[in-house]
Amino acid sequence: AAGRRGPAFSREEWGAVSRLAAAHSRLVHRECGAFDTTSAMGVEAFKCLLSELDAASSILRIPPASRSYRAYFAKNYHELLPPSGRAYRLDLFDASLHNYPAILVNGYMYDISPSTQKSAEILQGRWAELEASLRRWDVWPARR
């Protein structure tokens, strides 16, 4: 349509991105400004966001990045993170955003490899880009 602003989304795509932006706006923040990923309300809000992110990615036909590295995971981790496809876990997402040098798993401390730390830094950058886009979407006056 003449004068239309923004990308030409289908109604389904528009709805998916709108739901994702709404879920982002409901994230719980701590006083320091960081996301709350420990309280029941904070965890639920973040799980909702990750679910909407998964749905929007599928609806927008965004191909998942390679998960080939998961083939080397121990068998019990395949239940948590299947060898292919998207699988969002708040605990791992939170650890990657904070770029911890080690992570506690089932009572054992594991050092994070330099390549994993580099991947976490890349994820942090992509997350910042996504957040900026969702904040712009949330205030964009022309919603239809």
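Trainee: Which residues have the most contacts inside the largest nonpolar core?

Mentor: This is a predicted model, in which local features need pLDDT of at least 70, side-chain atom pairs count only at pLDDT 80 or more, and totals for chains, interfaces and linings use all residues. Residues are numbered from 1 along each chain as its sequence is written, and side-chain values use heavy atoms, with hydrogens and water left out. A nonpolar core is a set of buried Ala, Val, Leu, Ile, Met, Phe, Trp, Tyr and Cys residues joined through side-chain atoms within 4.5 Å, where buried means under 20% relative accessible area, exposed over 50% and partly exposed in between (1.4 Å probe, protein chains only). The largest such core has 21 residues, and those with the most contacts inside it are L20, L27, F46, L49 and W127.

Trainee: Which helix supplies the largest share of this core?

Mentor: Four helices, namely α1, α2 (40-59), α4 (90-98) and α5 (114-139), each supply at least two residues of the core. The largest share is seven residues, and these come from α2.

Trainee: In what order do the elements of the protein run from the N terminus on?

Mentor: Helices (H or I, at least four residues) and strands (E, at least two) are DSSP runs, numbered from the N terminus. The protein has five helices and two strands. From the N terminus on, the order is α-α-α-α-β-β-α.

Trainee: What percentage of the contacts between residues at least 6 apart in sequence join residues at least 24 apart?

Mentor: A contact means heavy atoms within 4.5 Å. Of the contacts in the protein between residues at least 6 apart in sequence, the share that joins residues at least 24 apart is 51%.

Trainee: Is W127 buried or exposed?

Mentor: W127 lies in helix α5, and, leaving aside its neighbours within four places in sequence, it is in contact with F35, F46, L49, F93 and L97. Its relative accessible area is 8%, which means that W127 is buried.

Trainee: Which residues does L27 contact, leaving aside its neighbours within four places in sequence?

Mentor: L27 is one of the residues with the most contacts inside the largest nonpolar core. With its neighbours within four places in sequence left aside, L27 is in contact with F35, A45, F46 and L49.

Trainee: What is the relative accessible area of E13?

Mentor: E13 is found in helix α1, and, not counting residues up to four places away in sequence, it touches A8, I59, L60 and R61. E13 is buried, because its relative accessible area is 10%.

Trainee: Is C32 buried or exposed?

Mentor: C32 has its place in the loop between α1 and α2. C32 and S57 are 25 residues apart in sequence and 30 Å apart in space, C-alpha to C-alpha. With a relative accessible area of 65%, C32 is exposed.

Trainee: Which residues is S84 in contact with, leaving aside its neighbours within four places in sequence?

Mentor: S84 is found in the loop between α3 and α4, where it is exposed, with a relative accessible area of 55%. S84 and E12 are 72 residues apart in sequence and 25 Å apart in space, C-alpha to C-alpha. Leaving aside its neighbours within four places in sequence, S84 is in contact with R67 and R70.

Trainee: What percentage of the 144 residues in the protein do buried residues make up?

Mentor: The C-alpha atoms of the protein fill a box of roughly 60 × 35 × 25 Å, taken along the principal axes. Among its 144 residues, the share made up by buried residues is 27%.
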